Amino acid sequence: MPKRIYLLRHVLRRSRAPREAVGLEVMGVVPDSYRGRVVVDINKCTGCSLCVRDCPAGSLVLERLPDGGLRMRYDADTCASCGQCEASCRHGAIRLEARYEPASTSRDALHKEWVREGKKE
């Protein structure tokens, strides 16, 4: 019974107090073990599509353009941050950065795309 009385007194005291805005601080230090977001260096990409084949979540899509270029699409909303794409890429075109992907109310904001133009004749 004494715990409930304490809780009731605390709730009543806080309900009469003026409202406060509580600021949230962004975590300044990202742990080394955090894999984070996928970054593609499209100029190093050869188009072998090993990363696409090995991605367990299907978050990568590679498209060959008619002019000989490449388009790589990454869907952060389905990515498991497992690092398999980075391990599969033999040319070092994909890496995982230890940075947080900000939340969004739009799914389109979570899609990244890298394009390399082909040779124009």
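User: Which side chain meets Arg53 in a salt bridge, and at what distance?
Analyst: The partner is Asp54, with 3.0 Å from N to O. A salt bridge here is a side-chain nitrogen of Lys or Arg within 4 Å of a carboxyl oxygen of Asp or Glu.

User: What kind of model is this?
Analyst: It is a predicted model, in which local features need pLDDT of at least 70 and side-chain atom pairs count only at pLDDT 80 or more, while totals for chains, interfaces and linings use all residues. Residues are numbered from 1 along each chain as its sequence is written, and side-chain values use heavy atoms, with hydrogens and water left out.

User: How many salt bridges does a search of the whole structure find?
Analyst: Six. One of them joins Asp77 and Arg107, whose closest N and O atoms are 2.5 Å apart.

User: Where do those two sit?
Analyst: Asp77 is in the loop between β3 and α3 (84–88), and Arg107 is in the loop between β4 and β5. They are 30 residues apart, so the pair links distant parts of the chain. Asp77 is partly exposed at 29% relative accessibility, and Arg107 is exposed at 56%.

User: Which residue pairs with Arg95?
Analyst: Glu97, in a salt bridge of 3.1 Å from N to O. Arg95 is partly exposed, with 38% relative accessible area, but Glu97 counts as buried at 18%.

User: How does β3 pair up?
Analyst: β3 (residues 70–75) runs antiparallel to β2 (residues 60–64), with five bridges between them. Six bridges join β3 to β5 (residues 111–116), and that pair is antiparallel as well. Two strands pair if DSSP finds at least two bridges between them.

User: Which residues are bridge partners there?
Analyst: Val61 has Arg73 in β3 as its partner. Arg71 has Val115 in β5.

User: What lies between β2 and β3?
Analyst: Five residues, and the two strands form a hairpin. Gly68, in the turn, has a positive phi of about 95 degrees.

User: Which residues other than glycine have a positive phi?
Analyst: Among them are Ser49, at about 60 degrees, and Ser81, at about 55 degrees. Ser49 lies in the loop between β1 and α2, and Ser81 in the loop between β3 and α3. Ser49 is partly exposed at 31% relative accessible area, and Ser81 is partly exposed at 22%.

User: What about the inside? How many residues has the largest nonpolar core?
Analyst: It has 18 residues, and those with the most contacts inside it are Val38, Val40, Ile42, Leu60, Met72, Cys85 and Ile94. At least two core residues come from each of β1 (37–40), β2, β3 and β4 (94–97), and β3 gives the most, with three. A nonpolar core is a set of buried Ala, Val, Leu, Ile, Met, Phe, Trp, Tyr and Cys residues joined through side-chain atoms within 4.5 Å.

User: What does Met72 touch?
Analyst: Leaving out residues up to four places away in sequence, its contacts include Val40, Ile42, Cys51, Leu60 and Trp114. Contact means heavy atoms within 4.5 Å.

User: And Ser59, buried or exposed?
Analyst: Ser59 is buried, with 1% relative accessible area. Ser59 is in the loop between α2 (50–54) and β2, and the residues it touches include Arg73, Tyr74 and Asp75, again not counting those up to four places away in sequence.

User: What share of the whole protein is buried?
Analyst: Buried residues make up 27% of the 121 residues.

Conventions:
Buried means under 20% relative accessible area, exposed over 50%, partly exposed in between (1.4 Å probe, protein chains only). Helices (H or I, at least four residues) and strands (E, at least two) are DSSP runs, numbered from the N terminus.
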